[in-house]
Amino acid sequence: ICGRPGSGKTTLAQAIAEYLDTDVGAMVKTMEAPRDLQLADRITQYAPLEGDLEKTAEIIFLVRPDFVIFDEVRRARDFEIFADVRLAGVGLLGVTHANSALEAIQRLIGKVELGLVSQVLDTIIHVEAGQIEQVMELRMTVKPPTGMQEELARPVIEVVEFPSGKITHEMFAFGSEIAVVPVEGRQATALSPMKTLARDQLIHIIQQWVGVECKVQFKGESSATIYAPQNMISTLIGKGGENVRQLQEELGGLHLNIESFDEMPDSLAN
């Protein structure tokens, strides 16, 4: 459950805990820092033991609950504990601050391996002003990210809107980064999020290498041309094309050509 302060996250968590306890008959425990859920006495509420929620989690495992309510997941260590509890097979509901469901997902990235994200977090409920504003689900699949060719298939986490089933974003490894890109709502004439990401990363890497500005133009789904100062072309290509090959590998096999600014179309000049 995510939302802004005062949006009703804790109230919803309380209602779910009471439902699981009363209607489902499940054994429910809580991990709270600080402790502020108002629940029936039979639902044991645990605070950090000796100031450490990891120790709390170890104790909770011993009582074998069906569900744990974790309020709230805030710091990096909290997300790691959240992942440990979930991967142990315990039903888990976390509460965290975020402006949107997507931001809640992004808070988990980097704290959990990409391949485990959809196992740790499968449903995100965004609460706003006491109402459920949005529900998102995560699904792991293997496919080419939107805008890439079939041979560039890789593990992709789809962010799916419930109940419409529409895929709104994709998450995947892109070079050394984890990309989160939208897959709908863009104009047909605009660059796809995948190409925009590739262009921006290319420009950033080249600036780091040689300290100069460059321009990038896509020629198709799997090729692009880099326009750079004439005196920097040999540096960008590298000995025997080594630098270009490295760039192509980092960008998932994208084929690159390097030309001088003199060859650049006028449409890229602005």
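Here is a walk through the structure above, from its overall layout down to a few side chains. Keep in mind that this is a predicted model.

Let's start with the big picture. The chain is split into domain 1, covering 1–180, and domain 2, covering 191–266. The domains do touch: 11 residues from domain 1 and 11 residues from domain 2 take part in the contact.

Now look at helix α2, which runs through residues 53–63. Which of its residues are buried? They are Leu53, Thr56, Ala57 and Ile60. Look down the helix axis and you'll find that these residues cover an arc of only 100°, so they sit on the same side of α2. And what do the buried residues of α2 pack against? Their partners are the strands β2 (28–32), β3 (44–46) and β4, along with helix α3.

The structure holds 1 aromatic pair, made by Phe70 and Phe82. Their ring centres are 6.3 Å apart and their planes meet at 35°. Why is the pair called tilted? Planes under 30 degrees apart would count as stacked and those over 60 as edge-to-face, so with 35° this pair is tilted. Phe70 belongs to strand β4 (residues 67–71), while Phe82 belongs to helix α3 (residues 76–87). The two are 12 residues apart, and the pair links distant parts of the chain.

Another ring to find is that of Phe79. Lys111 lies over its face, at 5.2 Å from the ring centre.

After α4 comes Gly110, which has a positive phi, near 95°.

Last stop: the cysteines. How many disulfides are there? The count comes to 0, where a disulfide would need a pair of cysteine sulfur atoms within 2.5 Å. Cys2 is buried, with a relative accessible area of 0%, and Cys214 counts as buried too, at 4%.

Terms used:
Residues numbered from 1 in each chain as written. Predicted model: local features only at pLDDT ≥ 70, side-chain atom pairs only at ≥ 80, totals over all residues. Heavy atoms only, no water. Phe/Tyr/Trp six-rings, centres within 6.5 Å; stacked < 30°, edge-to-face > 60°. Helix = DSSP H or I, 4+ residues; strand = E, 2+ residues; numbered from the N terminus. Lys NZ or Arg CZ within 6 Å of the ring centre and 35° of its normal. Buried < 20%, exposed > 50% of the residue type's maximum accessible area, 1.4 Å probe, protein only. Domains from an automatic or database assignment. Contact = heavy atoms within 4.5 Å. Arc of directions from axis to C-beta.
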